[in-house]
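Dear colleague,

Please find below the structure I promised to pass on to you. My notes on what was found in it follow directly after.

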Amino acid sequence: MPVVVAPDHVHHDVATGVWCGVTEATDELPVRAEIIATACAAAGAPMIEASNHGPEVLLRVHDERFLGVLETAHQRWVADGHLESPGIPYVAPYFFPPVAGRHGGNRLRGAATIRAEIGFYAMDTLTCIGAGTWIGAKAATDAAATAADLVAGGQRVAYAVCRPPGHHAGRAFFGGSCYLNNAAVAAAQLRHAGAGRVAIVDIDAHHGNGTQAIFWNDPSVFYGSVHVDPAAGWFPHTVGHADEVDDTATNCNMPVHPVADDGDWLNACTTLLTTVGLFEPEALVVSLGVDAAVDDPNSPLLVTDRGFAAIGRMIAGLDRPTVFVHEGGYVLATLAAHTLAVLQGFES
Ligand SMILES: [Zn+2]
């Protein structure tokens, strides 16, 4: 299948985030995309460079002011003197105005300093903004949009090697290592190209709260996810429960228990895909995260490459034009194998 890469992703290279007050090294690294792309090329996939898309692709799924703040945040951080004090090279959220000012203060007025304004949009303290974050995140959306263009143009399937990932980013918020929602961009691009109904199938280990939020009550876009149960304490904590159903009945969450193995995980996937089939989508977007892998410390799930190959085959069984968009998966030694298991399962 055609594989879309966006070389400018390398500009997003933020080394750390803050988790529970502790500064930790990030594992969402540029080398992730390089490893996957190299493996796809070695497997014989046609490699295509993402084409630059205009702002309308982002504005279909994101708030204009949010985009402006994200694009300029690092410049403002520098202008506010934060490279000297506190001496941090990334925009790091610390103050959250929606909590402080529920009856006053709003993001349209903004804040005098970016260190406060960014808190209108930040979901967590893990996800910092570096000098090249906007360029890298925009490149990932270009990859997703280009893959959607290929499928809209008649390809059965295309895969976008997106990083940073996107499914935790909402219309006007970012977090969970995500800034712009690549899968949402792909779905909106398919809709724009004429697909009346698009389904997003999210198999990342974590619930895609941003994607769910963007398409909540949208009758033309179905969002379904299999993920580790937030009720067991897992990110994104407050979202992703099975009882979250929108008014248009186009949302389906299938949380699984923390030690779900191939059998448990695939059972949940089977139920989800049955529901997706009933929606009768004209096209599919798959949020392809492989952090449900047994060796990935970012989730407790126990999925093996046999499970990943099986979900690839099951998605192919829906027999719809399909755009795969990469999300999570962080073990550098096995990231490519897990990813290829899904893609080769689809093509088998
Ligand atoms: Zn994940």
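A residue is called buried here if 20 or more other C-beta atoms lie within 10 Å of its own, exposed if 12 or fewer, and partly exposed in between, with C-beta atoms placed from the backbone. This is a predicted model, in which local features need pLDDT of at least 70 and side-chain atom pairs count only at pLDDT 80 or more, while totals for chains, interfaces and linings use all residues. Residues are numbered from 1 along each chain as its sequence is written.

Most residues other than glycine have a negative phi, and most peptide bonds are trans. Ser177, however, has a positive phi near 70°, and because 25 C-beta neighbours fall inside 10 Å, Ser177 counts as buried. Asp319 likewise has a positive phi, near 55°, but with 10 C-beta neighbours inside 10 Å Asp319 counts as exposed.

There are also cis peptide bonds to check: one runs from Ser85 to Pro86, with omega near 15°, and another from Phe235 to Pro236, with omega near 5°.

As for the interior, a nonpolar core is taken as a set of buried Ala, Val, Leu, Ile, Met, Phe, Trp, Tyr and Cys residues joined through C-beta atoms within 7 Å. The largest such core has 110 residues, and those touching the most other members are Ala143, Ala144, Ala147, Ala160, Val161, Ala186 and Val325.

With kind regards
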